[in-house]
Amino acid sequence: MCKDHGTYKNGEKEAAKERNGAKQENSATLQAAEKQCKTALVFCYLRHQNTPSLRQLLVRAVLWDLQLGHLTCDLRQPSAMADPAGCCRPCATCLLCLYSCQWITAKKEKRKGLRTTKCDCSWFLFLFFVFLFTLVWLYFAIIILNDFHNFNEFIFKQRKLWLDWSLVLLIATAMLITYSAVLLVLALCLQLCSQPLKLHWLHKTLLILTALVVAAAFTGLGIKWAEEWKSAHISLQATGPFLHIGIVWGMTLLAWPLASFIYRTRNRGLKVFLLLVYCVVMIGLYLAPLAITSPCIMEENQLPPKPALVGHRGAPMLAPENTLMSLHKAVDCDVQVFETDVMVSADGVPFLMHDEELTRTTNVQAVFPERAALNSTAFNWTDLQQLDAGSWFLERRPFPTVLSLSDGDRYQATKQRIPSLEQVLEAAKQSNISIMFDLRPENHSDYQSFVNATLEVILQSGIPLQQVLWLPDGFREQVKQQVPGVQQVYGRKRLQNETEPLLRVNLPYQDMSSEEIRQYRQDNISVNLYVVNQPWLFSVLWCSGVSSVTTNACQVLKEMKHPIWLLPSSTYLMIWIVADCASFLAILWAFLLLKKCSRRRQTVESETDVLLTKINSLMQE
């Protein structure tokens, strides 16, 4: 019994010793953990100003006996514990949230492990090119506004639906360019703040859709409206010098995020490639004015006279087209020629109408619903006189200017009827305005009878024949014989073997270059170009020396006393040199400044690495 009792006592003493040893070991472990905690605390305080608060680190230290390995990992990879320098934490969090569609914060340590991969860089480049692609489309959309009324008429002819599609075009384009621009700005800000470029899959999908929509728009433009490519080329004569300056400074601003990326990345090959591409682009932009030409780069005393205005179907922005009201509004705009289209009714009365059907500019669907789809020439004059040719103008509002009409003009528009050629010639004679018309449709089986009826009305009207400008090519020789005083206008350029010299030509503005206009002017050939509505286009043609332009916006072009811009070549040369030099200095300043900041950051990191080495050595002791 005693022996067993002694054995029990000895076992109890040994157990107590083991418990005391375990306590000592735990105490040593806690001391080591405390030492590591204090060391890490000092290290984080020295290296990172954006580190979570010291109180949070002390709270973590309470759990250090359960997470000893966590601190060692943080010490070995300290950059994962803190926000990168250069951007405050709330700003970085918001940028990441918008760009990555994730609420990534340093506090939750969700940013740990996030790095900009090659795939992320590829998506950034795709974003950049989509932005440029959409920006180019925005430029095209603004340019084609000059001719967009023709597109509205085309859609109405196909779908019998009238809508100002230019508003749809501009709104859609503005949405696409805004979206891609915002994403690009976010990406550049994230790069400047040293944040990862993790584009969310939703943004990727929308960017792909944006690129496809813009590509489809360009494809449709090339197939259905190919002449607008010529319009874009002409527009560069008006915008080229200013686009050059804008692009140069846009690329200059891009130097900041580019320099930031170059000084942060360790991939030497990527650095050389980006710098080489950027330098080549900038050198090309600096020398671009050597290829920029514009007729408006000339001395003030070389500016040709202002082109005369030809009212396209009168003044269609102020009154219903091809009506007497439209003619009178055109006269008020100092228009010298009233341009219109003539058809002949079933009973032989020439009247004014552009479309082959009456549905767009009259209420034929309400008066003659069963005959609404018939050709205009299938109606006799009595039927045509029953149609309202003005109310559609107020209902469909083909131009925004309709909203600004006075009450008197609105009332007068509702009273308009389809005018006969005889009525128009009488009004033109009283207003001392010339009339230029096309006889339609030229493929009609009775076209010769149309010509005879029209010539008969002209001769009976008593209007001076020099005020009549004849456009139709059909039976032109017959017209010359019967009414030799009528001025012949040709819808083509002159030929090399021309037997009879041309005195007047009427062509789309896309078909004549500035050099050809100057040559025709030197040869005393009057050149009329159509349809010119925008002031920038009118300015380019004015500087080129065109004789007259056909326009829908006579009230706008009437007020222009001078081209939008006119620069002597010496002044443009000075602007070119100053803009390029300022851009070069700004780029140089950006790279030098960011290089200085990069060296400071490298110095701090070097000192921190030395301190980290000493701390690790101390911990190993």
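## Reading the labels on a predicted model

Biologist: Why is K230 called partly exposed, rather than buried or exposed?

Modeller: K230 has 44% relative accessibility, and since buried means under 20% and exposed over 50%, this value falls in between, so K230 counts as partly exposed. The model is a predicted one, and the value is computed from its atoms. K230 is placed in helix α9, which covers residues 228-253.

Biologist: Which residues does K230 touch, leaving aside its neighbours within four places in sequence?

Modeller: With those neighbours set aside, K230 is in contact with Q510 and D511.

Biologist: What makes α9 roughly antiparallel to α11?

Modeller: The axes of α9 and helix α11, which covers residues 268-287, cross at roughly 155 degrees and come within 10 Å. Angles over 145 degrees count as roughly antiparallel, and therefore α9 is described as roughly antiparallel to α11. The crossing of these two helices is left-handed. By class, their contact has eight nonpolar residues, two polar ones and no charged ones.

Biologist: Which residues of α9 and α11 meet there?

Modeller: On the α9 side they are H244, I247, V248, M251 and T252, and these meet Y278, V281, M282, L285 and Y286 of α11. As for the spacing along such a list, an α-helix has 3.6 residues a turn, so residues three or four places apart point the same way.

Biologist: What makes D334 and N432 count as exposed?

Modeller: The cut-off for exposed is over 50% relative accessible area. D334 has 52% relative accessibility, so D334 counts as exposed, and N432, with a relative accessible area of 63%, is therefore exposed as well. D334 is placed in the loop between α12 and β2, while N432 is found in the loop between α17 and β4.

Biologist: Where does the chain have cis peptide bonds?

Modeller: A cis peptide bond joins R440 and P441, with omega about -10 degrees, and P441 is found in the loop between β4 and α18. Another cis peptide bond joins Y530 and V531, with omega about -20 degrees, and V531 is placed in the loop between β8 and α21.

Biologist: Why does S514 count as buried?

Modeller: Buried means under 20% relative accessible area, and S514 has 6% relative accessibility, so S514 counts as buried. S514 is found in helix α20, and, residues up to four places away in sequence not being counted, S514 touches Q237, P295 and S544. The side chains of S514 and Q237 are joined by a polar contact of 3.2 Å.

Biologist: Why is S420 called buried, and where does S420 lie?

Modeller: S420 has 6% relative accessibility, which is under the cut-off of 20%, and therefore S420 counts as buried. S420 lies in the loop between α16 and α17. Its contacts, with neighbours within four places in sequence left aside, are V349, P350, F351, L352 and W381.

Biologist: What makes helix α10 mostly covered?

Modeller: Of the ten residues of α10, seven are buried. These are A255, P257, L258, A259, S260, F261 and I262. For the chain, buried residues make up 45% of the 621 residues.

Conventions
Residues numbered from 1 in each chain as written. Predicted model: local features only at pLDDT ≥ 70, side-chain atom pairs only at ≥ 80, totals over all residues. Heavy atoms only, no water. Helix = DSSP H or I, 4+ residues; strand = E, 2+ residues; numbered from the N terminus. Buried < 20%, exposed > 50% of the residue type's maximum accessible area, 1.4 Å probe, protein only. Polar contact = N/O pair within 3.5 Å; in protein donor to acceptor, adjacent residues only side chain to side chain. Contact = heavy atoms within 4.5 Å. Axes fitted to C-alpha atoms, helices over the stretch in contact; angles between N-to-C directions. Parallel < 35°, antiparallel > 145°, perpendicular 65-115°, else oblique. Left-handed = near helix turned anticlockwise from the far one by under 90°. Nonpolar A, V, L, I, M, F, W, Y, C, P; charged D, E, K, R; others polar.
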